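User: I am new to this structure and would like to learn how to read it. Please take me through a few features, one at a time.

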Amino acid sequence: MSAQRKEDARFLKGLGSFVANLNLNKQAYARVLRSPYAHANLKGINIEEAIGLNGVLAIFTGADLEADGIGYLPCTTQFPAVLPIVSTKRSALAVRRVRHVGDPVVLVIAESIEAANAAVDLIQIEYETIPAVVDVSDALKPDPQSIWESAPDNIAYRFEKGNKDEVKRNIAKAPYVVELEIINNRVMAAPLEPRAGLSFYDAESDTMHLSCTAQGVHAIRDQLAYDVFNVPPEKIKVSAPDIGGGFGLKNFLFPEWVLLLWASKKLGRPIKWVAERSEDNSSALHGRDITTDAKLALDKDGNFLALEADLTANMGAYLSAGGPNASTNAASTAMGGVYNIPYVFMSSKGVFTNTTPVDAYRGAGKPEANFIIERLIDIAASQFNFDPVELRLKNIISTLPHNTAFGLQIDSGKFKENIERASNYIDYKGFFKRREASRERGFLRGIGFGCFLETSRGSPVEGAEIRFAGSGRIELRVGTESNGQGHETTYIDLVSERLGVEADLFDYIQANTFEVRLGSGHGGARSMHMGAATMILAVEEVIGKAKGVAAVLLQAEIDELSFKNGSFTSGSGNRSVTLKEVAIAARDNRIAPHLEGMGLDTFTKRENAPFTFPNGCHAAEVEIDPETGAVTLMRYIMVDDYGSLVNPVLTEGQLHGGVAQGIGQALMEFVSFDENTGQLLSGSLMDYTLPRAAMLPNFEATLEGAPTKANVLGVKGVGQAGCIAAPQTIVHAVLNAL
């Protein structure tokens with residue numbers, strides 16, 4: 001049974017708490033003036049007329065940040081690099097040079113947003129334009145226009161992994177080699193809620209407070225503390241209320257978070273900032289934008305021998321905190337997908353351009369890696385006369401546990417069964433009759449298959465805490481963060497069932513660095529695997545503590561007690577005590593001196609957790625109108641393995657959302673810049689096409705998983721899977737039709 005979402009009532013009634021709804025007494029309003037140029041030197045900024053405007057409190061530039069010794073926004077990605085990551089100094093306001101359209105230049109603080117907007121219109125900035133480097137191929141030309149002095153060739157890093165010599169040897173001797181340039185197009189996360197923040201400074205405690213649209217508050221706090229403000233982390237509180245979607249975008253430290261905290265402390269006023277949609281599109285973060293030169297070697301029977309992939313990642317103008325990860329660490333974990341490939345070698349380089357910075361977007365590296373192998377397989381089938389389904393079945397991982405070429409051990413998966421079921425459900429054998437029927441109506445019909453392997457975990461560290469309040473309520477303090485997935489429902493449901501306590505007695509607390517001890521936030525399809533599984537370990541610890549107290553209360557041996565439906569019962573079965581009674585007694589040092597007055601309150605930290613491996617096979621059929629090129633998605637099938645399912649309805653909902661985003665990337669989403677000026681051509685939702693419900697068929701999903709031993713629940717992550725599988729499935733169907 002799937003518990004109904006507890007969150008829905010407040011969202012449907014308009015009772016959600018979002019940053020844009022938050023207000024504080026005497027708050028001021030911020031507006032950021034951004035560069036209209038992709039590349040230019042800042043020659044002068046004149047604020048005289050603007051600062052005299054009624055209601056304007058202050059106007060700041062990058063020089064003010066420098067004068068206060070404010071640090072730079074860091075890139076926190078770590079990996080064994082062939083060429084170390086280039087250090088770039090990204091200030092929250094541009095200093096001396098702007099590097100992409102939308103780069104923040106001036107911060108205006110006013111009594112109202114209207115006054116702030118009026119002041120922005122009066123600020124005069126003198127720019128000396130520099131040729132913009134928009135396309136990666138131009139950035140990598142000999143003697144290019146450099147975007148950073150520290151990277152004269154515009155290369156931000158180089159990375160390699162795998163057995164290069166064996167891969168080269170196998171490719172050289174193979175009877176069949178397929179070679180392909182694969183473009184993974186740049187996209188926007190486009191969450192329902194743009195970025196927003198509200199800050200204030202508590203002078204009495206010398207503490208900066210920021211409520212913002214964030215998916216990883218502890219990491220953002222630590223970067224603010226250690227890299228930007230050089231203060232102890234306990235001097236900064238970062239929290240997030242309800243979040244209207246994120247998809248990776250909201251995991252990271254943005255210039256605006258720095259500016260809000262810094263300006264609040266300088267002015268002694270709360271300050272609010274809410275991005276406009278077009279502003280977010282040009283100045284937040286984009287995703288994907290990786291081009292790969294790839295080769296797959298096969299023997300004469302179609303067995304895979306080796307895979308080589310050389311990735312070139314457009315990083316944009318700055319290295320965001322996790323920007324390099326998608327083309328390095330993350331991609332390497334899924335390179336080769338669900339197939340048994342003896343030798344794999346990947347290399348990658350990050351390249352600076354005068355475009356919006358790039359960071360994680362749903363899947364971050366795993367979609368790119370799976371797209372590479374899946375595209376190569378379909379091309380190999382076409383070139384060398386193999387059936388695409390049979391070629392996949394021939395090379396699928398068949399023995400478990402399986403060690404990949406990069407040393408990861410896959411413990412479970414229904415890889416072969418997924419392909420066979422997807423083929424049967426979409427009636428692969430009957431497709432050719434359907435194609436002929438479409439042709440008679442004047443349409444082209446195509447079928448496509450795409451498998452995927454997700455490496456789900458994100459950060460290998462997570463915390464979970466259970467607290468028993470004096471009122472009889474129980475607090476669940478979790479380090480993961482929801483931005484729409486239904487965590488409040490699933491966590492409470494899991495703990496309620498195991499403790500035998502009514503669900504309405506729980507309070508769910510997340511995304512607050514002052515109330516949650518430790519948290520690695522959202523990202524990497526990690527919430528059930530890392531967050532909920534860690535919470536279950538905390539539940540087991542609570543029951544263990546409670547059993548000792550119950551034994552004292554019942555004057556029984558611990559081994560005699562059983563725990564069921566929220567009560568401890570003695571071996572004879574005639575005496576029992578409830579968990580609530582035990583919790584009250586547990587705070588009494590005379591009864592439970594070993595609990596040191598903390599009662600049953602329990603914090604559990606889980607470290608070095610392994611990956612889980614969600615996997616599956618998707619299939620799609622499309623019709624194309626040859627006169628207009630319009631593509632209609634006729635059918636979409638999902639046969640996936642997510643291990644044990646905590647809440648099947650929410651699992652399928654996550655899958656549908658991910659598939660919709662993957663379909664969007666394949667058919668319609670594309671971030672486009674003017675190749676000469678660097679202007680964003682797809683800056684509004686009139687120009688950037690998102691999939692609508694009417695464009696999508698009713699999805700058909702079969703979710704029969706093989707439980708993993710990587711956590712106590714047997715779960716594998718689902719949050720990113722649909723986005724990983726859909727692009728290749730759709731592309732294959734379209735190409736098959738053509």
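Analyst: Start with burial. Buried means under 20% relative accessible area, exposed over 50%, and partly exposed in between, with a 1.4 Å probe and protein chains only. Now the ground rules. This is a predicted model, where local features need pLDDT of at least 70, side-chain atom pairs count only at pLDDT 80 or more, and totals for chains, interfaces and linings use all residues. Residues are numbered from 1 along each chain as its sequence is written, and side-chain values use heavy atoms, with hydrogens and water left out.

User: Is Glu368 buried or exposed?

Analyst: Glu368 has a relative accessible area of 3%, so it is buried. It lies in helix α11, residues 366–384. Helices (H or I, at least four residues) and strands (E, at least two) are DSSP runs, numbered from the N terminus.

User: What is Glu368 in contact with?

Analyst: Contact means heavy atoms within 4.5 Å. Leaving aside neighbours within four places in sequence, Glu368 touches Asn184, Arg288, Ile290 and Ala326.

User: Why does Thr61 count as buried?

Analyst: Thr61 counts as buried because its relative accessibility is 15%. This residue sits in strand β3, residues 56–61. With neighbours within four places in sequence set aside, its contacts are Ile45, Leu93, Val105 and Val106.

User: How do I read a sheet?

Analyst: Look at the pairing. Two strands pair if DSSP finds at least two bridges between them. Here an open sheet of three strands runs in the order β5-β2-β7, with antiparallel pairing. Its edge strands, β5 (97–98) and β7 (124–129), each pair on one side only. Strand β2 (residues 40–46) joins β5 over two bridges. Val98 in β5 is the bridge partner of Ala40.

User: How far apart are the ends of helix α19?

Analyst: The expected span of a helix is 1.5 Å times one less than its number of residues. Helix α19 (residues 721–737) has 17 residues, so it should span 24 Å; its end C-alpha atoms are 25 Å apart, which agrees. Of those 17 residues, 14 are buried, so α19 is largely enclosed by the rest of the structure.

User: Which residues line the largest cavity?

Analyst: Rolling a probe the size of a water molecule over the atoms shows where empty space is left. On a 1 Å grid over the protein atoms alone, a cavity is a set of points where a 1.4 Å probe fits but cannot get out; lining residues have an atom within 4 Å of a point. The lining of the largest cavity includes Met188, Leu249, Arg277 and His286. Helix α9 (residues 277–283) gives the most to it, with three residues.

How values were computed:
1 Å grid on protein atoms, 1.4 Å probe; cavity = no way out; pocket = protein on both sides within 12 Å on 5 of 7 lines; lining within 4 Å.
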